[in-house]
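Let's take a friendly walk through a protein model. Have the sequence and the 3D view ready, and look for each residue as it comes up.

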Amino acid sequence: MSEGTDSRVPPAAAADGAAERDTPQGDAEYLRRRTLRRGSAGWLLLTGLGVAYVVSGDFSGWNIGLSEGGFGGLAIATLLMGVMYACLVFSLAELSAILPTAGGGYGFARRALGTWGGFLTGTAILIEYILAPAAISIFIGEYVESLNLFGLAAGWPVYLACFVIFIGIHLWGVGEALRFSLVVTAIAVAALLIFAVGAFTEFDASGLNDIPVDQDAFGSGSWLPYGVLGIWAAFPFGMWFFLGVEGVPLAAEEAKDPVRSMPKALSIAMGVLVLLALITFFAATGARGSAAVQDAGNPLVVALQGDGDPTALSRFVNYAGLAGLVASFFSLIYAGSRQLFALSRAGYLPRFLSLTSGRKAPYLGLLIPGAIGFALAAGTGDGGRMLNVAVFGATISYALMALSHLVLRRREPELPRPYRTPGGMLTSGVAFVLALSALVATFLVDKDAAFIALGVYVVALAYFTFYSRHRLVAAAPEEEFAALAAAEAELERD
């Protein structure tokens, strides 16, 4: 045994790239102070969480993809990204039934790819879930100002109010938080359906391809005004209809019967999001034309009223857009806190970040990312750039999670699987290839954002390389699960 290695760690675990794994206190006491409230969420709340992560993307952001690929390019990009997310969700449903813990993607990759793979995946997820709320708080500020609510202008007081109020609800308790999220999400979804009914009454197919054609672009035409490359450049915006749904497994430790409820919630949430993507995309572009909405900050309102005076329906959709932003902001804070909690509990990040309150909320895991998010929002005011950084982190995590499914299917075919991914390795293989394609596409859209994300990665990897990988906590559920697999493999070799 290596000097300093905890005697409670199986030899195989100590050999897995971690020279030292120590729990500063007894295992039971250490984990008692880091316990979430179990049984707080059934499949309905989990489904609502999955939709809440994403719903703000239906109200704004996706339409910028029209400026990159035109209607045809964005339509194909959305289809391909929808396939990627569907394949990823089915893969995650299997993985979350195998390992229903708060670690989510980190836990899956830890078992399949070792400590390095687990850390890389968890860090990518954190980049997504810390940057995205910061960006959305800026968008909320812009909505508040445009609607003239309370006489407030977009700025730090609005951002601060968002973080204080909604983090406060999370500190109150997970059950209360998820029920609040479900209600706000239901309002936003209802508004999208009402919008579609109103917009489809003005649908005109000729407006779909009214963006001028770039004659110099390869393969350009009326449906692909920016050519074939425009499809690829539109990938990140096609993702906006689904970005975040992969975060549902982060609620596994707080779910009722996660082995059954997690696959069900993931599947239903994905089905709802596909339906919303279809009706929103076609209704908005068909009602006013692709050219009119491609650069709009509020494309659904533009689709309803154009340059005319606001109508009762456009006002309603405008207010509902704020509800959609709140739902996504609120749920993404939850996801980020749970990923941070799991990484901290296992020692990848400072252990104090995983301490939980009397109401079983990871209070520092909520407050510290919230402080970082507020500082970024108030200091930069650049929501678009932060979302692009978040998308870059997301695509890395997608590729690693899909790879984890492939590795576990091949290396551990006898592992008990209460739920099995339809299509097996073919499904996760498709997700892996499309995730890599989306990762490269982020460089086409915003090179600066991609390099900012890489810079964050370098700093995080330095911390892991020189410090935390030598101080991992063997008693953490994700680490125990991986250590058991390593021990079993060693026994088989012997």
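Predicted model: local features only at pLDDT ≥ 70, side-chain atom pairs only at ≥ 80, totals over all residues.

## Starting from Phe59

Leaving aside neighbours within four places in sequence, Phe59 is in contact with Tyr143, Ala188, Ala191, Leu192, Asn298, Pro299, Leu300, Val317, Ala320, Gly321 and Gly324.

Where does Phe59 belong? Phe59 is part of the largest nonpolar core, which has 141 residues. The residues with the most contacts inside this core are Phe59, Trp62, Tyr85, Ile140, Phe195 and Tyr398. Helix α6 gives the most to the core, with 16 residues. Apart from it lies another core, of 19 residues, including Leu343, Tyr348, Leu353 and Leu472.

## Aromatic rings that pair up

How many aromatic pairs does the structure hold? There are 26 of them. One is formed by Tyr85 and Tyr398, and it is edge-to-face, with 5.2 Å from centre to centre and 75 degrees between the planes. Tyr85 sits in helix α5 (residues 65–98) and Tyr398 in helix α16 (residues 383–411), so this pair ties together parts that are 313 residues apart in sequence. Tyr85 is buried, with a relative accessible area of 0%, and Tyr398 also counts as buried, at 1% relative accessibility.

Now turn to Phe119 and Tyr348: their ring centres are 6.2 Å apart and their planes are at 15 degrees, so the pair is stacked. This pair also links distant parts of the chain, since Phe119 is in helix α6 (residues 105–146) and Tyr348 is in the loop between α14 (312–345) and α15 (363–380), 229 residues apart. Both Phe119 and Tyr348 are buried.

Some rings gather in a group. Trp62, Phe71, Tyr85, Trp223, Phe241, Phe242, Phe281, Phe282 and Tyr398 form one aromatic cluster.

## Charges over rings

Which residues place a charge over a ring? Arg34 lies over the face of Tyr30, at 3.9 Å from the ring centre. The charged end of Lys264 sits over the ring of Trp43, 4.2 Å from its centre.

## Helix α7 and its two sides

Helix α7 (residues 156–172) has 17 residues. At 1.5 Å a residue they should span 24 Å, and the end C-alpha atoms are 24 Å apart, which agrees. The buried residues in α7 are Val158, Tyr159, Cys162, Phe163, Phe166, Ile167, Ile169 and His170. Seen down the axis of α7, the buried residues fall within an arc of 150 degrees, so they line one face of the helix.

What do the buried residues of α7 pack against? Their partners are α6, α8 (174–200), α14 and α15. The face of α7 turned away from its buried side carries the exposed residues Trp156 and Val164. After α7 comes Gly173, whose phi is positive, near 160 degrees.

## Helix α14, mostly covered

Is α14 mostly covered or mostly exposed? It is mostly covered, with 29 of its 34 residues buried. At 1.5 Å a residue, the 34 residues of α14 should span 50 Å, and the end C-alpha atoms are 50 Å apart, which agrees. Following α14 is Gly347, whose phi is positive, near 90 degrees.

Note on methods
Residues numbered from 1 in each chain as written. Heavy atoms only, no water. Phe/Tyr/Trp six-rings, centres within 6.5 Å; stacked < 30°, edge-to-face > 60°. Helix = DSSP H or I, 4+ residues; strand = E, 2+ residues; numbered from the N terminus. Buried < 20%, exposed > 50% of the residue type's maximum accessible area, 1.4 Å probe, protein only. Lys NZ or Arg CZ within 6 Å of the ring centre and 35° of its normal. Expected span 1.5 Å × (residues − 1). Core = buried A, V, L, I, M, F, W, Y, C linked by side-chain atoms within 4.5 Å. Contact = heavy atoms within 4.5 Å. Arc of directions from axis to C-beta.
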